[in-house]
Amino acid sequence: MSDLPVNPLVLIGVGSSFALSGLFYHLYQEKKKELTKLKEIPIFRPDQQLVRVLRATPYKRLQYVAVEGMVQADGEPLASKFVPRCFGVIQKITMEEHWKYWNNLTSTWNSRMMNKTETSNSVPFSLVSPGAYITDLYVKVHNPLEASGCYLERVYHKLKHAEESLGNIALQVIGGEKPVAMEEGEGGQVMRLQAPQDGRKFILVPSDYRSFMDRHESSASMWKALTALTGLTGASLLAGVIYNLGGKKDDRSK
């Protein structure tokens, strides 16, 4: 039996490279479309310009906008349960138990998480223009807990290890499992927010508008670079295959 003219692994590499290049190109195009839509959104601050624009629109309503400003609680802000002098307007407290169970096949203790609970709280708050001394202009934010986006920063995290007791030892013997620790965490932050308010996707972010766009543009650049890298890899492998086939053909002709 004669040898195959091309190593099958090389062919797999060529096909995989072009397939990945096609996938990354699709993701790049999708991110470009998202960026185009984001750039079409008008951005305002809670100032007189926003008031003038609202007064000039029908029903004094803007359908889809981004509002950037500093968060100001309408009343008393939320106080952290765990961190002194830490206040905010949105709070999420999570608790989750770490357990270990006995694996008879491997004769080892394996870990698992269970009984996770989350408690979310918020107080009414508004957006005011950064640096404004008079806050007579503001934008109220409605239903912030329904918003998407990574708008909370972890301000507290602690792992409370379980103490061995007679009850825990009995649980280990009978059920083959034991509590290991209780994990507590809390998130919250006074934020700069961008909040489209026409009923479509509602996003809260803890950064300004430019930083938000930079993250999306970086993501698009990443998919573009991966498209080029995998495409060039596939093209290089394919060129090597063609070159080797041409060399072997010349050798046979001689």
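Predicted model: local features only at pLDDT ≥ 70, side-chain atom pairs only at ≥ 80, totals over all residues.
Phe-24 counts as buried because its relative accessibility is 14%; here buried means under 20% relative accessible area, exposed means over 50%, and partly exposed is anything in between (1.4 Å probe, protein chains only). Residues are numbered from 1 along each chain as its sequence is written, and side-chain values use heavy atoms, with hydrogens and water left out.

Now for the rings. The whole structure turns up two aromatic pairs. Rings of Phe, Tyr and Trp (its six-membered ring) pair if their centres lie within 6.5 Å, with planes under 30 degrees apart called stacked, over 60 edge-to-face, and the rest tilted. Phe-24 and Trp-223 make a stacked pair, at 5.7 Å centre to centre and 25° between the planes. This pair ties together distant parts of the chain, with Phe-24 in helix 1 (residues 8-39) and Trp-223 in helix 4, 199 residues apart. Tyr-25 and Tyr-28 have ring centres 6.4 Å apart and planes at 50°, so their pair is tilted. Both tyrosines sit in helix 1, three residues apart, or about one turn of the helix. Tyr-25 counts as partly exposed because its relative accessibility is 45%, whereas Tyr-28, at 14%, counts as buried.

On the surface, Phe-18, Leu-238 and Ile-242 form a nonpolar patch with about 270 Å² of accessible area together. Patches take residues with over 30% relative accessible area and no salt bridge, joining like charges within 9 Å and nonpolar side chains (Val, Leu, Ile, Met, Phe, Trp, Tyr) within 5 Å; a salt bridge is a side-chain nitrogen of Lys or Arg within 4 Å of a carboxyl oxygen of Asp or Glu. Leu-238 belongs to helix 4 (residues 209-253) and, at 36% relative accessibility, counts as partly exposed.

An unreviewed UniProt entry annotates residues 6-28 and 225-245 as "transmembrane region"; such annotations may be inferred rather than shown by experiment. Over residues 225-245 the chain is 100% helix and 0% strand, with the end C-alpha atoms 30 Å apart.

As for the chain overall, its secondary structure comes to four helices and twelve strands, taken as DSSP runs (H or I, at least four residues, for helices; E, at least two, for strands) numbered from the N terminus. Of its 254 residues, 31% count as buried.

Conventions
Areas by Shrake-Rupley, 256 points an atom, 1.4 Å probe, with all protein chains shown as cover.
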